[in-house]
Structure formats: C-alpha cells, structure tokens
Amino acid sequence: MIDTKVSLRYACSIFQLAVEENKLTAIAADIDLINGAIKSHKELRSVIISPIFRPEVKLAVLDKIFSSKISIETQNFIKLVVRKSREALLESICDKFVVLKNEHLGIANAEIKSAYSLSDVQLNEIKEKLSAILNKKINVSVKIDKEVIGGFIARVDDTIYDASVKHQLDVLRKQFYKGNSALN
Amino acid sequence: MAEVRPDEISAILRQQISGFENEVDIYDVGTVLQVGDGIARVYGLKNVMASELVEFPNDVFGMVLNLEEDSIGCVLFGESKLVKEGDTVKRTKRVTSMPVGEAMLGRVITPLGLPIDGKGDIKTSAYLPVERKALGIIQRQPVKEPLQTGIAAVDSMIPIGRGQRELIIGDRQTGKTAVAIDAIISQKFTHSEASKALGINPVYCIYVAIGQKSSTVAQVVAKLEENGAMEYTTVIAASASEPAPLQYIAPYSGATLGEFFRDSGKHALVIYDDLSKHAASYRELSLLLRRPPGREAYPGDVFYLHSRLLERASKLSEELGGGSLTALPIIETQQGDVSAYIPTNVISITDGQIYLESNLFNSGVRPAINIGISVSRVGGNAQIKAMKKVAGSLKLDLAQFRALESFSKFSSDLDKATQMTLAKGARLVELLKQGQYAPVPVEKQVVSIFCGVNSYLDDIELRDVKRFEKEFLEFIEVKYNEIYVSIRETKDLKDEIVAKLRSAVEEFLKSFKKSA
C-alpha cells in the first residue's frame, strides 16, 4: 500500500507545522472539516480523484469551498498538495493527521462490542479501566453484537481486551481438541 | 477422536465457569488484507516479532516471515481456504516453538508438536523455539564416540561419530532411506543393559519425513515398530499434502527435539528425509512471498537454510554434559548429478557423504555404496580400535580392486598377482553386501572383515561367501564366544584374540562344505 507511506509524510508536515505554531486545535478542526466534506460528498471525492481535471481546476474548486472556513496554513497546505499532484490522497492524509493528533494528545479511540446495551455506569467503568491501562484519554464507541453472547470486547487500535463469553467457549473448545489434532 | 469422559467435560466446564469472571484476555490483533496460496498479508500487528506464531480464525496458525513497513507477510500452517480477507489475526506472543520432552518418544507428530498417531495427548513440560542459534566454538568438542549404523560398509570405511553430520546422497530408489532406517534400528543395542555395562550411552532417534508420501511414512513407522525401534524414536511427519510452510519448519522441529536430548547430556540421532524436498518447499514459500529468485529459482538464502539446520548437530563439551546430536541428511540427486545447486551446497556443509549409486544397486550390491567417492571427515576417531585395525587394509584392497575391475573380463590372461587382487576384492564386495533391517553388531563386523582382509575367503566360491560368513559367525558365537566378548569389552583386537581367531578360521574352513 504505497499511498499510506506518502500520506503519512504529508500529514506529518502539516502536523509538525501545527504543533510548532501552536495552532493544533484550529488546524485539526480544519482537517476534520475537509475530511468530513470529502467523505460525505461523492461528487467532491470524484472530482479530486479524477485525473481528467487539470490541477488549476481542482484548486479552484477546493478554494471556493473551503477558503473562507479554514486558516491560512491549511489553505497553503491544500495548494501544496495539489501542486504536487497528490490531491487524490487528501482523504488518506486527513486520516493520518487524525492518527498523529491522537497520538500527540494521548487520546485513544476504543470500540466496544457487547451483546446487550451497557449502562452509563458500566461504560464509565470500562472507560476508566482502559484509561488507567493505556494512560490515555479514551473515547468510547459502542456496538451491539449478539455474537459476543455475553461480556464485552474492547478494541483500542490493534489491541483487544476480550472479556466475552464467546472467547471463553472458544478456549474450552480448544482444550477438547488438544488430544487429537487434525491440523486444518 | 479420543473419547472424552463425562466427568472431564463437567469438570472442565466447572473450572471454566468459576474462573470466568476473572479472565480477560488481552491480545494484539491485525486484519487480513489478502490471502491465497498459503500466504496471508496482514495489516496491523504492529508489535509482532519475526518468526512469531500468529493465530488465524478456524484454528489455523501462521508464522510471520516478512515484516514490511505497513503490512506483514505470514505463511499459513493450515489451509488457506479457511482464512478470509478481513479476518482478525491474533498474536500468540511466542516465536514458533514446539513442545519437547521424553514423552515424544514413540510418537508420530506434526512439526508443531501435535500428535497424529491417535494415541492421545502428549504431556510435555517444556517448549523450545524451533529456530535456534547453533552453538559457538567453546561449547563444542571434537567427535570421538562411534555411532554404529550396523552396516558393515559404513562402519568400516565411512565411520560416523556421535555429533557428526553425514550426508546420504543418491538417485531415487537407491536405498537412502534404508541406510537411515538401519541406523535407527541398530541403536536398539544402545538402550540395552549390556550396552550400559559397556559404557555406551543410549541414542534417541528422530526421523523427519519431509514431503514424502504418507504411505511411505506409515511403512517406515510399521517397520520401526516391528523391530522394536519405535520406543526410542520420534517420527515428525510433514508429508506431501501438508502445506509448504509445515514442510519448511519440519527439519528445524526435528533439530529442536534433538537439541533437547543433546542439552540434557544424552545422545540423539536425527534423520532429515529429504532435504531436496525441503529446499523445494522453501523455494515455493519464498516465491509466493515475492522474494527475488536466484539460481534454479531458489531464493538467495537457500544455503543458509541448510547450514543453520546442520550446524545444530554437534558434540557438546564435557562441562555442558557431553551430549551429542548426530545428523544424517538425505539428498536426492537427479541422474547422479552431484554438481547441481542443492547437492553441492549440502555437501560443503556436512562432514562427509555416503554416495549411493544406481548401477551398483542394480547389479546387486546393496547397500549400493560407492566407497571410492564416499568419505567421512571424522574417520578413525569415530571407530573402535579393533575396527581400525581391520578396516585399514579393507579400503585399500577395495580401491585396488576397483582400479583393476575393468580387466576382470580378461581374467584368464592376467598375471597371478592381479588375479588374486581381483578375487580378494570380489569376495570383499560380496562380504559387504547386507540385507535390509538386519544391522550387524560391531564385533561381528570386525570378525567378518578380518576373514576377508586376511585372504581366508579366497578359496571360497563367490556365491558361498555370504553363507560362509553367516555360518562362521554362528560358529564363533557357539564355540569361541570369548572373541566377541573381548572385542566388545576392550574395544580392541588383542594379539591373543587374533591368534585365537586365526585358528578358529582355519578350523572352520576345514569343515566348510561347498554348496552344490
């Protein structure tokens, strides 16, 4: 996946600028705006990705939409990206920026899957526990998934905290198979 | 599947349920991007180690081989059709390892240590990583104890020592596996009380079958069981239908199990049958992982593949227990071409080779060993004194015979000396022929070669030589058993014994009848 390497570099550049000039919140908000706009509007995305339109045209479009709503640094950044012919990666650059921002601010996004809806008290407890383990501020998003059967599975980035009944049953099943192996 | 007893189920369930609230598993995960041909590309798993074991859904395991900037290349130890794109991959946090222990003896297992002989679970205490660095120089000592293979031709002229690597190389159907199996069966003596009294340590055997037909492996296991050799042998089977990654790690698993015995001061023998198929499966893996192909499409590190495997066979120094791991790798050549890529690689790594030839095999010389080009670089250090005394002239006589062999067609036109050399040589070749699964103990080999080398057989018909040997050995056992006992216990051929032997041969010759 070549695009992630490239996007990361662009995202790093605007991120470092934001940190240096102490404008992280403002620029983060701009990036979120651009990200949201591209993700929710198919036509905007097709225009940006399409190789048919000339860079000046794309720049004009982006300028018209965003220039009044974003800071000057972000505007320059968009100009840079278009000039380097990497506008197709704008969405991915914004995603990478969010990752960098979260890492810098010590925020982690946790996705919690449980079979039944959790009460606020329970949710807060999970949040606090995860915060303590990871030493970061946790943003929680909950999903109901009957497959879990009971308990919950919390996923933060690439680490899973599995306190579900399904997992225990899986472990049980593996124990039965230990004596005889038909390696799949 | 083994019967699960009713109380086992409820006991386990009770245990699981009571421990239920307290168990929260924390594991790292990744997502499968692409899967096919036994390879999976995974995104995520940022903290995974190289060669770590990872778990896919449906009980499929994989090993991480390629660590790239934003994805990981894993090989699957199972069917790739059980893994889909988007599946979650879990770290097991352990480098690919296998269970080791004495409980492995007598079992048939997969390269990951799981039993496939239907005899139930194997309870072992330790897990050792499959890939381990070989020992350094200080930890080793030179090879000095013999490993008796029970094959007269090998033990006399191409002796193998404990801790040596001896390559068995030849075309297909020349008896390579037979030599290896005979070596295993001949270790039965080392597990007896008699050998303990003589100060000979037991040798545990490991037979690694790589890419072979399952029917062949089954036959081997049956033969070993029949000869009582299974009790000290482990068979690691990665047969032809197993995925290439399993065939790739099979020899390393064998080496790991062997190292367990070696490091606890015991002796082990590991047989890799065969490394040509091992190289082929590694080539398959590397090409699918998009590693650049080299000569014959093998990847660039195919030498390292075998050198790190064979370097693990060694003799430990006394401070570390004096254990040893002997390796007998097997390579199959195509039409006798020993200068192909893989054979030359392995020949340069091992401490000698036993070369088996098709034309020798077809003309009835079995084991079909070509003594001229077979060599053991350890040589005399791995032989008992008695054998050294008789084998010295054996090699010379056979070499002279070979040089003159092409003249044997004109036998009547040759001078007496040449005729005698030819006669003696032919009888020696006949003497060294041996049946399968019939290893000969070293004292009997010494006596038999003594007769041949000292020209006692020259007046016997060629077709009677084997019968003479058999009957003479029985005669000695019945009437002069002290000869065998002396050779066994002193490991030497003392002058009085030689004198006794000479008189015994002369006595026997008088009564030996020619066959009709």
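A residue is called buried if 20 or more other C-beta atoms lie within 10 Å of its own, exposed if 12 or fewer do, and partly exposed in between, with C-beta atoms placed from the backbone. The views below come from a predicted model, in which local features need pLDDT of at least 70 and side-chain atom pairs count only at pLDDT 80 or more, whereas totals for chains, interfaces and linings use all residues. Residues are numbered from 1 along each chain as its sequence is written, and chains are lettered from A and ligands numbered from 1 in the order in which they are written.

**View 1. Asn58(B) and Asp59(B) in the loop between strands E3 and E4 of chain B.** Asn58(B), although not a glycine, has a positive phi of about 60 degrees, and it counts as partly exposed because 13 C-beta neighbours lie inside 10 Å. Asp59(B) likewise has a positive phi, near 60 degrees, in a residue other than glycine, and with 16 other C-beta atoms within 10 Å it is partly exposed.

**View 2. The packing of helices H6 and H7 of chain B.** Helix H6 (residues 244-263) and helix H7 (residues 275-288) pack at an angle of about 135 degrees, with their axes 8 Å apart; axes are lines fitted to C-alpha atoms, for helices over the stretch in contact, and angles run from 0 to 180 degrees between N-to-C directions. That angle makes H6(B) oblique to H7(B), given that angles under 35 degrees count as roughly parallel, over 145 as roughly antiparallel, 65 to 115 as roughly perpendicular and the rest as oblique. The contact (C-beta atoms, placed from the backbone, within 7 Å) involves residues of H6(B) including Tyr248(B) and Pro251(B), and residues of H7(B) including Tyr282(B) and Leu285(B). Its residues divide into six nonpolar, three polar and two charged, where Ala, Val, Leu, Ile, Met, Phe, Trp, Tyr, Cys and Pro count as nonpolar, Asp, Glu, Lys and Arg as charged, and the others, Gly among them, as polar.

**View 3. The packing of helices H11 and H13 of chain B.** Helix H11 (residues 385-404) and helix H13 (residues 442-453) have axes 9 Å apart and pack at an angle of about 45 degrees, which makes H11(B) oblique to H13(B). Among the residues that make the contact are Met387(B), Val390(B) and Leu394(B) of H11(B), together with Val446(B), Ile449(B) and Phe450(B) of H13(B). By class, the contact has ten nonpolar, two polar and one charged residues.

**View 4. Two cis peptide bonds in chain B.** The bond from Asp273(B) to Asp274(B) is cis, with omega near -10 degrees, and Asp274(B) is found in the loop between strand E13 (267-273) and H7. A cis peptide bond also joins Arg366(B) and Pro367(B), with omega about 10 degrees; Pro367(B) lies in the loop between helix H10 (358-362) and strand E16 (375-376).

**View 5. Ile78(A) in helix H5 of chain A.** Ile78(A), which is found in helix H5 (residues 72-83), counts as buried because it has 21 C-beta neighbours inside 10 Å. The C-alpha atoms of Ile78(A) and Leu59(A) are separated by 8.0 Å, with the two residues 19 apart along the chain.

How values were computed:
Helix = DSSP H or I, 4+ residues; strand = E, 2+ residues; numbered from the N terminus. Contact = placed C-beta atoms within 7 Å.
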